[in-house]
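Below is a short briefing on a structure with its sequence. Please read the notes next to the model.

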Amino acid sequence: MLTRPHSYRGPLLSLLSVAGFLLVWFIAAEIAQSRLLPGPVEVVRYVFDEAAHGDLLAELGITLWRVTASFVVAMLIGSVIGLAMGESPALNRALDPWLIVLLNLPALVIIILAYVWFGLNEAAAIGAVALNKIPNAIVTMREGARALDPGLEEMARAYRLSFWSKLRNVTLPQLQPYFAAASRSGISLIWKIVLVVELLGRPNGVGFELHLNFQLFNVTAILGYTIAFVTVMLAIEYLLVQPLERRTTRWRNKPV
Amino acid sequence: MNDARPAGATSQFEIRIEEKTHIGVDGTRIPAIRDLLLEVRPQSMTVLMGPSGCGKTTLLRIVAGLDTRFLGRVHVPDNTRIGIMFQEPRLLPWRTVRQNIAIVAENLSNAELDHLASAVGIADMLPRYPQELSLGLARRVALARAFAPRPDLLLLDEPFVSLDERTADRLRRLLLEVWSARPSTALLVTHNPREAILLADQLVLLAPRPTHVVAVVPLAIPQAKRDAAVVEEIYADLLKRYPANFATG
């Protein structure tokens, strides 16, 4: 493999970029001297204070649980429907109009209707978030199903592989990149919608705290909660998603 | 290795295809096979030889159960274990060579798998991924995989095309060696007359599309004794008897 001299400076450049942003923020806050634009030091201190003495960790936890639950439900249902639509042209024609409707239905409408019809409860909240993500998962997984290699499919049939063996060894590995793409775009979309759901109808979670602090005009708390949750999501990306992806694609890019 | 075979599986396989038509994208009907009748003798190597595009691959796909849209009857018992080699290796790139072989043969022990791998010369390759292999090596893996389920019926679809002649020849000898140690009913398709003569117990000559059987030629000399000179001798003889089928080779 070629080593490029510039790639070494990659992480350094990223860090410099983040440090530059913090510096600009710090200077802007110093100049403004307003409680509507707290500086980075103040915000970080708030995060640690709230984590030690307040509800921050509990609120993060409850939001993370909602994100996880919605994600699992959406990916499971979206994958199954997407695969079925990719494999069966008839089913695709039958469900396609509904898919387009769901894709274009605003998240807010789904959330309001879910709360009105099913009440202000956890199931309605998670269901509403999942329903917002499901059409995206369907579209991506349908593409994956259409791209399945017919040659390997024939091989599996000729050797009479069992349903589960074929799924595990032939079908799922081919869908892995599509699943990864759907997960990537899904998890960021989901956490944003979870906040709206919490804001509109839950008594806890990051969204609820943001709403509360908005009414108090407490910008320090708003920025603090935002940064705390973004950090959690970054940690998931770098410590969970990326290592997992490297593991599942380790067969790729091996020299001949 | 051929113990505990169900009684039905070693019986003769009978193939009777009255009509097989491909339907093109624009709706035109292309007849591929018409009135083809073939009896495949058990524990022998039957080689189907015909010009390119005559429907040989279609025929093999029908026997493998991959194509069921045809008029006729293919008698292959349900419990028949099939080993198949396609024109391309068709290995799973995300599974190691060992896993690729093990997946199609759940009852194969690790020791048996190792034994099979050394027989085809890929023992060192077992922990590797298919993308690390040359086409010749990938073909060897596909060959090992075809034998792994201890097949009652071995189907080989031009298994050595697009290899250089030396590699192809080595693999042909290897196939004979492995097959002689684990005899099963084998059906091989090729358009290469010398390959056909080297491998066949029974040589089936096919007509151009829509294809049917022109002649069945039994070859009595054991494969082990067919060196280059013998192959050329048989070739010259067959060229005289069936000029239409052997002229282009």
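This is a predicted model: local features need pLDDT of at least 70, side-chain atom pairs count only at pLDDT 80 or more; totals for chains, interfaces and linings use all residues.

Residues are numbered from 1 along each chain as its sequence is written, while chains are lettered from A and ligands numbered from 1 in the order in which they are written. Helices (H or I, at least four residues) and strands (E, at least two) are DSSP runs, numbered from the N terminus.

**Contact between chains A and B**
- In chain A, 14 residues are in contact with 17 residues of chain B; contact requires C-beta atoms, placed from the backbone, within 7 Å.
- On the chain A side, helix H7 (150–158) and helix H8 (163–201) each supply at least two residues, and H7(A) gives the most, with 6 residues.
- That side of chain A has 8 nonpolar, 3 polar and 3 charged residues (Ala, Val, Leu, Ile, Met, Phe, Trp, Tyr, Cys and Pro count as nonpolar, Asp, Glu, Lys and Arg as charged, and the others, Gly among them, as polar).

**Sheet of chain B**
- An open sheet of 3 strands in chain B has the order E2-E1-E4, with antiparallel pairing; strands pair if DSSP finds at least two bridges between them.
- Strand E2 (29–40) and strand E4 (71–75) of chain B are at the edges with a single partner strand each, so one side of each is left without a neighbour in the sheet.
- Strand E1 (residues 13–23) of chain B pairs with E2(B) over 10 bridges, and B:Phe13 has B:Val40 as its bridge partner in E2(B).

**Helix H4 of chain B**
- Helix H4 (residues 135–147) of chain B has 13 residues and reaches 19 Å from first to last C-alpha, close to the 18 Å expected at 1.5 Å a residue (the expected span is 1.5 Å times one less than the number of residues).
- Of the 13 residues of H4(B), 11 are buried, so this helix is largely enclosed by the rest of the structure; buried means that 20 or more other C-beta atoms, placed from the backbone, lie within 10 Å of the residue's own.
- The buried residues of H4(B) pack against strands E5 (82–85) and E6 (153–157) and helices H2 (97–103), H3 (110–119) and H5 (165–181) of chain B.

**Helix pair in chain A**
- The axes of helix H2 (residues 40–53) and helix H10 (residues 219–248) of chain A come within 9 Å and cross at roughly 75 degrees; axes are lines fitted to C-alpha atoms, for helices over the stretch in contact, and angles run from 0 to 180 degrees between N-to-C directions.
- H2(A) is therefore roughly perpendicular to H10(A), a term covering 65 to 115 degrees.
- Residues of this contact include A:Tyr46 in H2(A) and A:Ile227 in H10(A).

Key. Two residues are in contact if their C-beta atoms, placed from the backbone, lie within 7 Å. A residue is buried if 20 or more other C-beta atoms lie within 10 Å of its own, exposed if 12 or fewer, and partly exposed in between; C-beta atoms are placed from the backbone. Angles under 35 degrees count as roughly parallel, over 145 as roughly antiparallel, 65 to 115 as roughly perpendicular and the rest as oblique.
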